[in-house]
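Me: I am new to this structure, and I would like to go through it slowly, asking each time what stands behind a word.

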Amino acid sequence: MKLTVLIIGCGDIGINLGRELLEEGHQVIGMRRNVEALKGTGIKPLKLDLNDLEDADAKILPHADYVVYTVSADRFEESAYQTAYPEGLKRVLSVMEQHKAPPRRVFFVSSTSVHGQQEGEVVNEESPADSTSFSGTLMCEAEQALINHSLPGTVVRFSGIYGPGRDRLIHQVAEGRVAAITPVVYSNRIHRDDCTGIIAHLIRYQESGETLADIYLGSDCEPVTMHNVMIWLAKQLKVEATETMQSPLRRRTSKRCDNQRILNTGYQFRFPSYREGYAQVLKEGGFLELNKV
């Protein structure tokens, strides 16, 4: 069946998801403030700002079978996160609930930053979301707004997203910088293509008659220390580590994300660990060519 999917905040993740859904024969509408990036993608552009949704009626947003809310905050500040997440999502929900045919499900792209554990604990969807950072707290507020809403909703908490164009870690390693061995800081990550793969899979999963959970952790199958990831990258790049990096205090969480719930739905990771994922990024980005003698 041909579906209509509305992607709110149609950036990198949204465009990649849109292309995947278009290949399956669905109609995709991408809402963003600047729609130039959607040219040539096949995604139908909708030029709109979240602020335009305040006190708006149903006509401002088109009908959609599924809505994917994947907005990014403009900057790492509390006010920007407040606008992008709880306030923005609540505005979308208030408009969509007015539709005669409301969406079958709303997906909110959240973050594992809602989990503030620091001792390498294993966390899953049932673990406390007790982050004390404003980013984690506001993400959690947005999650609850969706879960408690009358419209069916599912939260997907992605861990550290990497992939084409998301290569800051590679550049750091290429400069000879690696994370310290101690204190042990676990890192959880997911390739961009698995982010879009999971959302597309969950839409298919519901369409097949299955019941979706309120929350899924979207993280690959191998939590690993940041040090080990960077040492592995150094070997691939054939560079020697010359500087030890200490993670910023605000980022010193350390946990291991358990992705069993998403695996139980039958999802198969395209990049099960950082090795497969970064191997693709290194190859596609030409990083290995740059380091040939």
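This is a predicted model: local features need pLDDT of at least 70, side-chain atom pairs count only at pLDDT 80 or more; totals for chains, interfaces and linings use all residues.

Me: Why is Leu38 called buried?
Reply: Leu38 has a relative accessibility of 3%, and buried means under 20%, so Leu38 counts as buried. Leu38 is found in the loop between β2 and β3, where, leaving aside residues up to four places away in sequence, Leu38 touches Cys10, Ile15, Gly30, Arg32, Ile43 and Pro45. His115, which is 77 residues from Leu38 in sequence, is 33 Å away from Leu38, C-alpha to C-alpha.

Me: Is Leu22 to be called buried, exposed or partly exposed, and why?
Reply: The relative accessibility of Leu22 is 26%, and since buried is under 20% and exposed is over 50%, with partly exposed in between, Leu22 counts as partly exposed. Leu22 has its place in helix α1, and Leu22 touches Val28, Thr41, Gly42 and Ile43 when residues up to four places away in sequence are not counted. Between the C-alpha atoms of Leu22 and Gln82, which are 60 residues apart along the chain, there are 32 Å.

Me: How do you know that the reach of helix α1 is close to the expected one?
Reply: Helix α1, residues 12–23, has 12 residues, for which 16 Å would be expected at 1.5 Å a residue, and from its first C-alpha to its last α1 reaches 17 Å, which is close to that value. After α1 comes Gly25, with a positive phi near 95°.

Me: Which residues of α1 are buried, and what do they pack against?
Reply: The buried residues in α1 are Ile13, Gly14, Ile15, Asn16, Leu17, Gly18, Glu20 and Leu21. The buried residues of α1 pack against the strands β1, β2, β4 and β8, and also against helix α5 (192–207).

Me: Why is α6 called oblique to α8?
Reply: Helix α6 (residues 226–237) and helix α8 (residues 274–284) pack at an angle of about 40°, with their axes 11 Å apart. That angle makes α6 oblique to α8, because roughly parallel would need an angle under 35 degrees and roughly perpendicular one of 65 to 115. The crossing of α6 and α8 is right-handed. On the α6 side the residues that meet α8 include Trp232 and Leu233, while Tyr274 and Tyr278 are among those of α8 that meet α6. By class, the contact of α6 with α8 has 8 nonpolar, 2 polar and 1 charged residues.

Me: How does the reach of helix α3 stand against the expected one, and what do its buried residues pack against?
Reply: Helix α3, residues 134–147, has 14 residues and reaches 20 Å from its first C-alpha to its last, close to the 20 Å expected at 1.5 Å a residue. Among the buried residues of α3 are Leu138, Met139, Cys140 and Leu146, and the buried residues of α3 pack against α2, β5 and β7.

Terms used:
Residues are numbered from 1 along each chain as its sequence is written. Side-chain values use heavy atoms; hydrogens and water are left out. Axes are lines fitted to C-alpha atoms, for helices over the stretch in contact, and angles run from 0 to 180 degrees between N-to-C directions. Helices (H or I, at least four residues) and strands (E, at least two) are DSSP runs, numbered from the N terminus. Angles under 35 degrees count as roughly parallel, over 145 as roughly antiparallel, 65 to 115 as roughly perpendicular and the rest as oblique. A crossing is left-handed if the near helix is turned anticlockwise from the far one by less than a right angle, and right-handed if clockwise. Contact means heavy atoms within 4.5 Å. Ala, Val, Leu, Ile, Met, Phe, Trp, Tyr, Cys and Pro count as nonpolar, Asp, Glu, Lys and Arg as charged, and the others, Gly among them, as polar. The expected span of a helix is 1.5 Å times one less than its number of residues. Buried means under 20% relative accessible area, exposed over 50%, partly exposed in between (1.4 Å probe, protein chains only).
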